[in-house]
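Please read them with the structure open beside the text.

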Amino acid sequence: MKTHLPLTLLGGLSPADFMRRYWQRKPLLIRQAIPGFKPPLNIAALKKLARRDDVESRLIWREDGAWQMEQGPFARLPKAGEPDWTLLVQSVDLHSDAASALLQQFRFIPDARLDDIMISVASDGGGVGPHFDSYDVFLLQAAGRRRWRYGRQQDLSLQPGLPLKILSHFTPEHDVVLEPGDMLYLPPQAAHDGIAVGDDCMTISIGFRAPTQAALARGLLEAAADQAMARIGLLGGPYGEPPLPGRRLDALYRDPDQPAVDTPAALPDALVQATLDTLAKVRFDDALAARFLGCWLTEPSNLAVFDAAPPDGIDLASDWPAGGMLELDRRTRMLYRGRQVFINGETAQAPASAALRALADDRRLACADPRCRRLGSAARECLADWLDAGWLHYRPS
Ligand code: SIN
Ligand code: CO
């Protein structure tokens with residue numbers, strides 16, 4: 001994506017300008033971000049998803065003014081004409097190619113930050129109440145109309161004892177009605193309340209995720225622990241791959257200077273110090289952080305089920321096709337850094353060549369692309385395995 005060219009999606013801002021001026025900073029309302037927008041799914045298809053037990057959904061409504069929430073799957077949903085309900089379906093991009101394709105327009109933001117596409121449908125008056133989210137979101141109006149009130153406020157206290165997050169005091173700065181194709185970007189903590197104006201209101205939330213410092217620290221420490229064991233041959237690497245370069249840690253603790261003790265239960269100082277000294281031998285470097293992040297962030301959703309390729313398909317390892325296209329499955333997550341490639345929670349057994357990086361960035365790769373000529377046998381084996389697992393598909397031209 002050309003990050004310096006103006007985009008209609010961003011109201012004429014370039015992705016570079018948007019990221020510098022709005023991302024994580026302030027709301028942006030974009031009229032006709034996608035002119036003539038057609039929803040990736042219709043309401044009936046969305047309701048069908050909400051009936052499945054491998055799809056996460058919620059129904060929110062009010063009864064005598066009190067907020068109610070129920071988790072799906074739903075055998076029956078409110079009938080047309082019943083006011084004030086909202087059905088929210090999570091991770092629609094896992095279940096619909098069209099929804100997943102919509103995400104491609106937002107890939108000026110790193111995939112590592114992308115979470116999912118949530119789609120809501122609401123009847124007249126439906127909404128989830130005034131609240132804030134912890135993550136960035138683009139709210140794209142897909143069908144019908146929704147009134148959004150939003151703004152930034154200091155007081156983010158929530159009403160206690162409710163089944164959903166509702167602000168105690170909502171003091172919006174803006175009040176707008178969004179039509180199909182309009183979009184509102186909200187940074188984390190922005191207060192907002194969207195209410196359906198009329199029936200059949202559909203809103204698409206393109207949501208992002210951000211790890212806590214605690215999750216990053218824990219993940220890095222766990223990856224270091226796995227590496228330490230891998231280096232003495234007790235584990236084949238955290239994900240079965242060879243350990244990263246680093247010092248071996250198989251020397252046994254020695255205490256030739258240990259004096260005789262009359263307090264045998266006391267932990268020896270030398271052992272405590274030796275434990276702390278060992279940490280200096282563990283390499284906390286870019287490669288370790290990348291391996292932890294790459295494997296963790298590409299871990300497929302527990303709702304993602306891949307369809308393995310039919311056994312009589314092509315074999316990329318032995319017979320590279322002259323034409324056609326390789327395409328990542330919509331559920332596949334793929335990242336790279338330096339020479340490491342990560343896919344669906346694993347480290348690839350092949351280096352990040354130009355062809356593999358292009359596949360990750362573009363999510364597709366033409367077999368006739370000259371970069372494919374430089375794919376080594378390890379990379380072709382990987383691609384063949386991914387094809388068999390249904391992580392990748394081959395489309396003949
Ligand atoms: C909705 O789509 O109804 C709610 C989205 C949100 O407020 O985050
Ligand atoms: Co929200």
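1. Which pocket is the space taken by ligand 1? The space taken by ligand 1 is the largest pocket, where a pocket is an open set of points on a 1 Å grid over the protein atoms alone, with protein on both sides within 12 Å along at least five of seven lines.

2. On conventions, this is a predicted model, in which local features need pLDDT of at least 70 and side-chain atom pairs count only at pLDDT 80 or more, while totals for chains, interfaces and linings use all residues. Residues are numbered from 1 along each chain as its sequence is written, chains are lettered from A and ligands numbered from 1 in the order in which they are written, and side-chain values use heavy atoms, with hydrogens and water left out.

3. The chain has 8 helices and 16 strands, both being DSSP runs numbered from the N terminus (helices H or I, at least four residues; strands E, at least two). Its C-alpha atoms fill a box of roughly 80 × 70 × 45 Å along the principal axes, and of the 397 residues 43% are buried, that is, under 20% relative accessible area with a 1.4 Å probe and protein chains only.

4. The shell around ligand 1, meaning residues with a heavy atom within 4 Å of it, includes Leu-88, Met-118, Val-128, Trp-148 and Thr-203. By class the shell divides into 5 nonpolar, 5 polar and 2 charged residues, with Asp, Glu, Lys and Arg counted as charged, Ala, Val, Leu, Ile, Met, Phe, Trp, Tyr, Cys and Pro as nonpolar, and the others, Gly among them, as polar. Strands β5 (114-122), β7 (137-151) and β10 (191-208) each supply at least two residues of this shell.

5. Gln-227 is in helix α4 (residues 213-231) and is buried, at 1% relative accessible area, while its side chain reaches the backbone nitrogen of Leu-244 at 2.9 Å. Ile-60, in strand β2 (residues 57-63), is likewise buried at 1% relative accessibility, and its C-alpha atom is separated by 9.5 Å from that of Gly-129, 69 residues apart along the chain.

Notes. 1 Å grid on protein atoms, 1.4 Å probe; cavity = no way out; pocket = protein on both sides within 12 Å on 5 of 7 lines; lining within 4 Å. Sits in = over half its atoms within 2 Å of the grid points. Buried < 20%, exposed > 50% of the residue type's maximum accessible area, 1.4 Å probe, protein only. Polar contact = N/O pair within 3.5 Å; in protein donor to acceptor, adjacent residues only side chain to side chain.
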